[in-house]
Amino acid sequence: MRSFWRREPSKATQSTIVIAGAGEVGFHIAKRLASENKQVVVVDQNPAALRRLADTLDVQTIEGSASSPKILDVAGVEDADIFLAVTDSDEINIIACFFANILNPDAVKLARIRNDEYSLYRDALTGETLNISMLINPEVEIIKTIERMVTVPGALEYSEFVGGKVKLIGLRLKEPRYAGLSLIKLREEMGDVSLIIGAILRNERLIIPTGRDTVEQGDLLYVVTEDRDIPEICRAFGCEHLAIRDVLIIGGGNIGLKLATLFERKGYHVKLVDKDEDRCQWLAGVLNKTIVLKGDGTDQDFLLEENVAAMDLVVSLTGDEETNILSSLLSKNMGAKKTITRVNKTAYLPLVRAIGIEHSVSPRLSAVNSILHYVRKGSVLSTVSIKGEEAEALEAIALEKSGVVNKPLKEIDFPKGAIVLCLVRGDRVVVPTGDTVILPEDRIIILALRHAVSKVEDALAVKLEYV
């Protein structure tokens with residue numbers, strides 16, 4: 001064992017997070033948290049992966065196995081607030097959580113578990129012996145991401161808050177008559193529709209707007225609204241709001257199987273394509289209504305034969321990025337209404353948007369997003385990443401002793417780059433102004449750029465304990 005760093009006592013006021021695993025998931029969690037000035041320690045057996053972290057991020061690294069209690073002790077698990085076991089090995093993650101629980105029973109512990117057999121023993125894993133707070137399965141998380149994407153077919157992104165009372169949707173503004181309007185004028189043009197523009201993505205730049213900012217044709221607008229107004233907003237912006245009926249899934253691996261099973265339950269007409277004949281025969285035996293086809297999703301003749309132009313949705317889920325990208329581009333060019341593309345390498349995500357693939361998913365980023373709200377301080381209940389990792393929408397509860405209650409919004413010391421999108425008070429959604437006063441037990445939906453997230457946490461967590 002060789003240590004790159006020897007732990008120093010942590011500051012009482014600073015969150016300490018120990019991450020076991022310096023792979024893609026561990027790297028991206030460390031990157032996000034380090035940018036928020038949290039104290040991050042990463043443990044891994046791969047010196048090259050640790051050098052990548054040390055060279056690019058302000059984190060501390062330990063070389064060694066996370067399944068070793070000695071290594072965990074050196075990493076400072078005993079003093080950590082949160083322990084994340086996200087190595088590529090389920091067994092190492094489970095053993096690491098076992099020893100972390102002995103060293104620090106009070107720490108929040110999360111484990112990345114990909115084997116469905118372990119998930120069958122969730123109660124044992126989350127019970128007193130291991131005390132794991134949450135099990136993260138990247139395959140399950142990517143299915144949840146895709147399910148959100150198809151909830152509003154015209155949207156590029158979709159999230160829910162406060163039990164579904166509030167929706168945050170990303171819509172491309174295609175209607176030219178709204179171009180150049182300020183947000184104040186846009187809301188007036190929309191009439192009685194409940195509409196709050198929380199962010200504008202223009203030329204890959206994310207803007208947290210004021211009422212005086214204008215919208216332009218082609219902007220991606222992040223809109224907070226309620227269920228009843230989504231169809232009207234989609235129509236006004238020029239986005240199709242069509243129900244999904246016919247689906248083609250390319251790739252019959254575990255994720256393709258899980259998605260086909262979900263879509264069967266939703267009543268969709270599903271076709272599932274895979275190159276491997278034996279896999280196709282097995283899939284046909286375990287799926288009920290899905291039509292399983294042996295074929296190549298990058299073969300234009302095959303897609304033509306299967307009438308891809310009639311598909312409401314094509315989802316490319318093979319383990320190969322190039323195959324997924326090519327099959328999505330072909331399907332889109334041949335007339336498919338919507339495509340979703342699995343991209344494993346997060347560095348590819350900006351590139352696929354540049355070539356016209358707007359709906360992409362990453363198992364690793366889906367897992368990262370699910371983990372994030374467990375590392376948030378104070379009263380934060382959930383978080384959703386916006387535009388990859390550029391910003392977050394946070395749902396928090398205003399507790400009585402919080403520094404944000406019983407004062408107008410204009411007097412709250414929120415950082416630049418953060419905006420309160422709305423409040424939910426009982427069953428009522430409140431569109432706030434500067435004079436709006438946050439009351440105890442209000443649910444607050446906040447959108448913050450990445451650099452402002454930690455300051456938002458501090459504002460919410462004043463005089464609060466961790467929850």
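**Figure 1. The largest nonpolar core of the predicted model**. This core holds 27 residues. I19, I29, A30, V42, L53, L84 and I371 have the most contacts inside it. Strands β1 (16-20), β2 (39-44), β4 (82-85) and β6 (134-136) each supply at least two core residues. So do helices α1 (24-34), α2 (47-56) and α15 (363-372). Helix α1 gives the most, with six residues. In soluble globular proteins, nonpolar side chains tend to be buried together.

**Figure 2. Surroundings of I19**. I19 is one of the core residues with the most contacts inside the core. Residues up to four places away in sequence are not counted here.

**Figure 3. S366 on helix α15**. S366 counts as buried because its relative accessibility is 6%, and buried means under 20%. The S366 side chain makes a polar contact of 2.9 Å with the side chain of T145. Neighbours within four places in sequence are left aside for the contact list. S366 is then in contact with E141, I142 and T145.

**Figure 4. The largest pocket**. Its space comes to about 1100 Å³. The lining has 45 residues. R148, E157, N369, V384 and S385 are the closest to the pocket centre. Strand β18 (residues 380-386) provides the largest share of the lining, six residues. By class, 17 lining residues are nonpolar, 15 are polar and 13 are charged.

**Figure 5. The second largest pocket**. About 640 Å³ of space lies here. The lining is made of 25 residues. P209, T210, I419, V420 and P432 lie nearest the pocket centre. Helix α8 (183-189) and strands β9 (196-202) and β20 (418-425) are the elements that give two or more residues to the lining. The largest share, four residues, comes from β20. The class count is 17 nonpolar, five polar and three charged residues.

Conventions
Residues are numbered from 1 along each chain as its sequence is written. This is a predicted model: local features need pLDDT of at least 70, side-chain atom pairs count only at pLDDT 80 or more; totals for chains, interfaces and linings use all residues. Side-chain values use heavy atoms; hydrogens and water are left out. A nonpolar core is a set of buried Ala, Val, Leu, Ile, Met, Phe, Trp, Tyr and Cys residues joined through side-chain atoms within 4.5 Å. Buried means under 20% relative accessible area, exposed over 50%, partly exposed in between (1.4 Å probe, protein chains only). Contact means heavy atoms within 4.5 Å. On a 1 Å grid over the protein atoms alone, a cavity is a set of points where a 1.4 Å probe fits but cannot get out, and a pocket is an open set with protein on both sides within 12 Å along at least five of seven lines; lining residues have an atom within 4 Å of a point. Grid points are joined across faces, edges and corners, and a volume is the space filled by probe spheres set on the points. Ala, Val, Leu, Ile, Met, Phe, Trp, Tyr, Cys and Pro count as nonpolar, Asp, Glu, Lys and Arg as charged, and the others, Gly among them, as polar. A polar contact is a pair of N or O atoms within 3.5 Å; within protein, one must be able to donate a hydrogen and the other to accept it, and residues adjacent in sequence count only if both atoms are side-chain atoms.
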